[in-house]
Every structure is written in structure tokens, then in C-alpha cells.
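Trainee: I would like to learn how to read the features of a model like this one. Could we go through it step by step?

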Amino acid sequence: MTAGFRSPDAVIAENPLERMSSASNATDNAVLKAFATIPALLEQAPELIVRGRFLDCECLLGPTGHPLHASIRAGRIVDLTSAPVLMRSWRFAYRASPAAWAAYWQPAPRPGWHDLLALTKRGEAAIEGDLHPFMTHLQYFKDVLALPRQHFAVAAS
Amino acid sequence: MSGYVEPMIGRYVHVDIGAEMHRIYFEENGTGIPLVCLHTAGSDARQWRHLLADAEFAKHFRIIAFDMPWHGKSNPPASWNGDEYQLTTARYTETIRAFCKALKLDKPVVMGCSIGGRIVLNLAIDHAAEFRALIGLEAADFQAPWYDTTWLNRPDVHGGEVCAALVSGLIAPQGPQAARTETLWGYKQGGPGVFKGDLYFYRVDGDLRGRVENIDTDVCPLFLLTGEYDFSCTPEDTKRTAAAIRGAHVTIMEQLGHFPMSENPEQFRRYIAPVLAQIVASAKVTA
């Protein structure tokens, strides 16, 4: 385990979503919990780390309203915390609606909800900033952000 | 089984395209109605290997798949000096017609996928009488762009990796992993700028809105089949296109994406077999 990880509950506790009371709160919390598991899941996917071995990057990933700041070093997520972090720069952001993440992580995602760029095309996600690290490692990001798929449906049910 | 030799045979045919001889690689199998298969942008005719090897289809069709110039084993022409490659509607149409003429094919069926599906619509508009039937996979008169093609060919981004990663999402998740990986391998092997150059036809030069209404399916039947997971050419794009063409047949294919013939050959066969059977039946009636 690499230093800098927050436990799923800690990530949620840092996030204003925790204080919201709405019908979508359960989905929002489940999405944040799932994001918090990504660094550890990545540690269990050495082939993905190898694919990202030339990648050092600060980026925002997560739900549209409450993204997480990810620090990636040599393909590993060495820090993942609620954004914004005071005066910490980032190069690109990929943010999607909580409903989009929940759909993306289904074991058999529905058509149009099954790919990061399908989500941007349908307006459920947005890519912003300097896209270069995202595009040079496009399959890496698709696969890293799909890591919760194996657990999400079970956890959310 | 070690030692098994697949039935298709690959050869080169010299084809006059634009007053210059091109050495075009093609593979074929079977006898009967010529069935010419067109690969997607940035890939090559290996996408059709399962259809080419299909013993049932080969009883009724001479199945042929060729690599477009700059793709697969069809090199760029001798006159190419390294300039940016750009496929145009006119050039693409001319290439297909010249290939069919060079092989002396009598009223072939043409089946194309993606850009191949788009050009099939153009063949239906301008040259329908030359063909027995036309089949467009993942075909529409126009599709909304969903990425900037300049990412496909620049020195600071690996072309093979980014091309494959972009199209990976167009494949349905239900396909066999090996077939999905093989489909992406075709994109990883494309020449620099070739995928981008093909998309010049797709994005800039090949907008057929307002023209497909002129297709006469009494002259040449038209079949359009699109995978439900294709978010580039969506089922809605195909249905909108077909709605403007009297007599066009439309099928939305479940558990398939933008590369049906290669990403999940068995699933694709369920949908294409009835279409090919209908073409065979029509040929018998005509004869």
C-alpha cells in the first residue's frame, strides 16, 4: 500500500456530499466509496501500472460536483483526496455525473454508458484542461477508472 | 489443430486508380455471387477473416476482402512522397469500382463497415445499377464527431496506442476478449496518419445528408445493420438515415459495437446470415 491513500469513509467524510440529504445521496456516496478503492485496486493490477510507468500527473477525477485530486507517479496513484487542494495544480480533469459512474461500473454497462468517451458524447461527463497526459494514456485511464466495476454492483446493492 | 490451413487465399491484383497502378492485396474464399468486403478506417481486411472462412457462406458467395491503399498489405502507390494522406469520397468510390472492374466481378454485393458503410451509401446513390445488393454496417449519412482527430497523428502521442484506445470503447463489452483484442491490434498496426486520413472522408468530405433520399432500392437492395454499442454511428443515426430511404432494411444488432465482424464474429453471424440468405434467394428468383 502506498502512502497518501484515504480510506473510503475518510474520503466521504471530507466531502460535502456527506452532508447532503437527497435521494441521490446513496448513489453519490457509493460512487465516492468506489473511487476511494481505486488506488488499492490499481496496486493489485501490475499490468496496468506497467502501462502507466511513464506517467507522472496531477489530475481531477470523479463526480462532477465533488472531484478527487489524484497524484499519479510512475503509473501509481500515490495520493487521492478531495479537491480542491489548496494551491495544488492539476493538468486535466475528467468528471462525470454520479449516475454516469454508477452506470459505467455495472458488470455489463448499458450502450452509451460503457466508455469514458461515450459519456462525454452524451453530455454526462466532461474533459477539461491539458488533455495530453489523458490522451497519451487513454487506455490506461479507461481501465483504471473501470477498476471498481468488479465490486461496485455488489457494494451498491 | 496444428497444421490446419484456413481456406482463404491471399493474392495481389494490379488496379488502375486515378491513372496510377496500385498493387492491391486481397483475400478470397468461395464460389458464387461476388461479395466484396470493406474494412473500417485505419484498419485492414483481416477484420473479415471469420466471414472469409465461413464454409456455409462460401458455398454461395465468392467472398473477397481487400486492403485499401495505405492499409494492411496494400502499400501506398509508387508516386507517394510522404505527403499527408487524405481519403475523399471520389477517391474511395473510384477505388472500389476499379477493384471490382480489375477482378471482372459481375454485379457484386458490397458490404462495408464504418467508412465502408458510409461509402456503400454513396455507391447506392451514384452507382446502384452496378451492384446486386449493398450492405452498410455501422452506416449513416452523417454522425456527430466525438473527438478531435488531430490527436491521431502527432509526434508526441503514440499513434497506434491512441488510435486503439479511442476505438476500444466502440466495441461491445460482451464480445470474446481475444476477438476484441485482435480488433484493436489492427488499429495499433496502422501507418502514421492513415486513420486520420480515412476520417477526412468520414468527417469532412463524406456528408451525405440530403443525398440518401435519392437511393432507389428497386435498382439495388440496401441493408443497414448497426450494433447497439456503437456510439460513433449510433442506432439512431442509422435509423434516421434509413427513414429517408424507401425500402431500406434496418437491423439493430444486440451485444455488438462498431466492428461486428471482428469483435464478436459468432454474434454477427446471427444477423448477417439472414441478409445473405435473402440475397441468395433473390438471385435464384432472378435466374
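Trainee: In what order do the elements of chain A run from the N terminus on?

Mentor: Keep in mind that this is a predicted model. The elements of chain A run α-α-α-β-β-β-β-α-α-β-α-α-α from the N terminus. That comes to eight helices and five strands.

Trainee: What percentage of the residues of chain A count as buried?

Mentor: Of its 157 residues, 50% count as buried. As for contacts in chain A between residues at least 6 apart in sequence, 64% of them join residues at least 24 apart.

Trainee: Is A:Leu68 buried or exposed?

Mentor: A:Leu68 counts as buried because its relative accessibility is 0%. This residue belongs to strand β2 (residues 68-73) of chain A. A:Phe35 is 33 residues away from A:Leu68 in sequence, and their C-alpha atoms are 8.4 Å apart in space.

Trainee: How should I describe a pair of packed helices?

Mentor: Two numbers describe such a pair, the angle between the helix axes and the distance between those axes. In chain B, helix α3 (residues 89-102) and helix α4 pack at about 85°, with axes 10 Å apart. The two helices α3(B) and α4(B) are therefore roughly perpendicular to each other.

Trainee: Which residues of α3(B) and α4(B) meet?

Mentor: From α3(B) come B:Thr89, B:Tyr92, B:Thr93 and B:Ile96, and they meet B:Ile115, B:Gly116, B:Ile119, B:Asn122 and B:Leu123 of α4(B). By class, this contact of α3(B) with α4(B) has five nonpolar, four polar and no charged residues.

Trainee: What is the arrangement of α5(B) and α6(B)?

Mentor: Helix α5 (residues 159-168) and helix α6 (residues 177-188) of chain B pack at about 140°, and their axes are 7 Å apart. That angle makes α5(B) oblique to α6(B). Their crossing is right-handed. Residues in the contact include B:Cys163 and B:Val167 of α5(B), along with B:Leu184 and B:Tyr187 of α6(B). By class, the contact of α5(B) with α6(B) has five nonpolar, two polar and two charged residues.

Trainee: What covers the buried residues of α3(B)?

Mentor: The cover includes β1 (9-17), β2 (20-29), β3 (33-38), β4 (61-66), α4 and α7 (194-205) of chain B. B:Phe99 and B:Cys100 are among the buried residues of α3(B). For α3(B), 14 residues should span 20 Å at 1.5 Å a residue, and its end C-alpha atoms are 20 Å apart, which agrees.

Trainee: What should I look for in the backbone?

Mentor: Most residues other than glycine have a negative phi, and most peptide bonds are trans. Exceptions deserve a line each. Just after α3(B), B:Lys104 takes a positive phi of about 55°. B:Lys107 has a positive phi near 40° and lies in the loop between α3 and β5 (109-113) of chain B. At 35% relative accessibility, B:Lys107 counts as partly exposed.

Trainee: Where does B:Glu138 lie?

Mentor: B:Glu138 lies in the loop between β6 (133-137) and α5 of chain B. Its phi is positive, about 50°, although B:Glu138 is not a glycine. At 0% relative accessibility, B:Glu138 counts as buried.

Trainee: Which peptide bond is cis, with omega near 0°?

Mentor: The bond from A:Ala83 to A:Pro84 is cis. A:Pro84 lies in the loop between β3 (76-82) and β4 (92-96) of chain A.

Key. Residues numbered from 1 in each chain as written. Chains lettered and ligands numbered in written order. Predicted model: local features only at pLDDT ≥ 70, side-chain atom pairs only at ≥ 80, totals over all residues. Heavy atoms only, no water. Axes fitted to C-alpha atoms, helices over the stretch in contact; angles between N-to-C directions. Helix = DSSP H or I, 4+ residues; strand = E, 2+ residues; numbered from the N terminus. Parallel < 35°, antiparallel > 145°, perpendicular 65-115°, else oblique. Left-handed = near helix turned anticlockwise from the far one by under 90°. Contact = heavy atoms within 4.5 Å. Nonpolar A, V, L, I, M, F, W, Y, C, P; charged D, E, K, R; others polar. Buried < 20%, exposed > 50% of the residue type's maximum accessible area, 1.4 Å probe, protein only. Expected span 1.5 Å × (residues − 1).
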